[in-house]
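Hello,

Here is the structure I promised to pass on. Please open it first, then read my notes below.

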Amino acid sequence: MRHSLPAWLTLLAALATPGPAAAHPHVLVTSRSEIVYDGQGKLTAIRHAWTFDDMFSSFAIQGLDTNKDGTYSRDELQPLAQTNVESLKDFDYFTFVKLGGKQLLLAPPTDYWLDYGADRLTLHFTLPLNTPQSQGQKALAVDIYDGTYFVAFSLDETAPATMSGADHCALTVNRPKPLDPAQAAIAAQLDVTDPGTLASNPAFGASLANTILVNCP
Amino acid sequence: MLPLRRKDSLAPALILLCAGLVLGTIGLAEAATPFGVGRPDATVGSPGGVGAWILAQQGAFYSRLSAAIRASRESGAAAWSLAGLSLAYGVFHAAGPGHGKAVISAYLFASGETLRRGVLLAFASALAQALTAIGLVAVLALVVGATARQMDQAALVLETGSYALIAAVGALLAVRKGAALRRLVRQGKAGSGHVHGPDCRHIPLPAADVARRGGWQGAAAAVLAVGIRPCTGAIIVLVFALAQGIFLAGVAATFAMALGTAVTVAAIAALATGAKGLAARLAAPGGLGPAIALACLELAAGLAVLALGGTLLLGTLALPGQA
């Protein structure tokens, strides 16, 4: 009996001790993207349309039908769109663009709005590149993921990504494999309030990535 | 004497709760979440193994919950599956990130409540949490027509109050247990071989008066501390059910979640009271030394509650800075 007390206390401590913050998906996003090239064939922007899951959508639109007509117009939703893109800044818009392996800098979003239909909100926004880039023979990779796993991204089944202004290029997508239990255990330990978390877990973050690849011959 | 003591011990708790609520109203900005609406969970506890895996499956879980809510509009059978899913959500969520279990079990260990009271406390705090979530959504969404941001703000205020109250409960326990420890040590220094009360009667050792410790006011404060923080999952489910025109299904799901939470917390509460009972039995025949060791353990548990409340409170205050 004397020996069992430490065991009890250890078990109790293990069960009840506060530990690191636990992250797990609270928002599910289905992503559709457009890779935008200008008239000279330079890569200029990434345009996203992100559709939220129905539960998050119904939470987010509360109280926004200000004219009480039963629909949510673009104007009524604009303050929320503003909040969305402002908040996304701290998370690098979950969008990581690499040309020939080199990370490109993105400018703040332009042309952003929300629409609501079939119980789901869709956030539309355009992320311009800081400077337009000639792609040449280099491979373009656009990763979309949340390394802290607060938001679970998946590419749209039928129309994950398109291109405009680069007809001769070829676009493919890579979807992440489902998490195995070991990865999921890591996910549950990640701190959602710390966007830098990913830096210490690069392999894990990459394993979540949805990647859009463009190669131009 | 007794009514006065009761007032004495409750007053600082209430003052701290008020301070927390005021702080929550004036001093806090919104949390740094990716889309600027929706609150993250109280992030306490380090789930491992199966628990962590289940948490990471929460995405699939959310989809199933939403499907079950939609379906329960049409059929009664679907309402049962919604209840089952919600129950499971409660069980696993409490085992994972829920902070209630830590507060309740440490409180039980320090205060030396009985098993029956421990289980009661677990159920009462889970029920209080459900009622808070239902009240919050009913008032803000149904009556006021608040926006998501306003609802987040209200939830944040309640969270802050909850954390302040947890710290207050911990501080109270620590002060009480610290005083008891000091008494014991002083008696040890005075050289008496056994423990004397102020009237020179032998102080009954903990096992004898376990049931009387803590008191209802302490238990009520612990329930309130955990209960005024609504669970994020419950709020989302309630709002969604409301949007689907079946608020009552959301209410039922919330109570099912609370039941699941209560089962997990009660199991851990049973462990806490078991550990305490064991410690008290071991200390019972041993005289001053073991009594001091036990008092130290109780003090440590009280300090753990204080530290937990303080950490959570600081986390809430620090959130805007991390934005």
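**What I found**

The side chain of A:Asn210 reaches the backbone oxygen of A:Phe153, at 3.3 Å. Bear in mind that this is a predicted model.

A:Asn210 sits in strand β11 of chain A, which runs over residues 210–215. Is A:Asn210 buried or exposed? Its relative accessibility is 1%, and the cut-off for buried is under 20%, so A:Asn210 counts as buried. One list entry set is A:Val142, A:Asp143 and A:Ile144, among others. Also in contact are A:Phe153, A:Ser154 and A:Leu155. A:Asn174, A:Arg175 and A:Pro176 are on the list too.Now chain A as a whole. Chain A has 5 helices and 11 strands. Of its 217 residues, 49% count as buried. Take the contacts in chain A with a separation of 6 or more: residues 24 or more positions apart account for 71% of them. The accessible surface of chain A comes to about 9800 Å². Carbon and sulfur atoms hold 56% of that surface.

On to chain B and helix α4, residues 76–95. At 1.5 Å a residue, its 20 residues should span 28 Å. The end C-alpha atoms are 29 Å apart, which agrees. The buried residues of α4(B) include B:Leu82, B:Leu85, B:Tyr89 and B:His93. Seen down the axis of α4(B), the buried residues fall within an arc of 155°, so they line one face of the helix. B:Ala77 and B:Trp80, on the other side of α4(B), are exposed.

Best wishes

Conventions: Residues are numbered from 1 along each chain as its sequence is written. Chains are lettered from A and ligands numbered from 1 in the order in which they are written. This is a predicted model: local features need pLDDT of at least 70, side-chain atom pairs count only at pLDDT 80 or more; totals for chains, interfaces and linings use all residues. Side-chain values use heavy atoms; hydrogens and water are left out. Helices (H or I, at least four residues) and strands (E, at least two) are DSSP runs, numbered from the N terminus. Buried means under 20% relative accessible area, exposed over 50%, partly exposed in between (1.4 Å probe, protein chains only). A polar contact is a pair of N or O atoms within 3.5 Å; within protein, one must be able to donate a hydrogen and the other to accept it, and residues adjacent in sequence count only if both atoms are side-chain atoms. Contact means heavy atoms within 4.5 Å. Accessible areas come from the Shrake-Rupley method with a 1.4 Å probe; for residues, only the protein chains shown count as cover. The expected span of a helix is 1.5 Å times one less than its number of residues. The arc is that of the directions from the helix axis to the C-beta atoms. Lists of a residue's contacts leave out its neighbours within four places in sequence.
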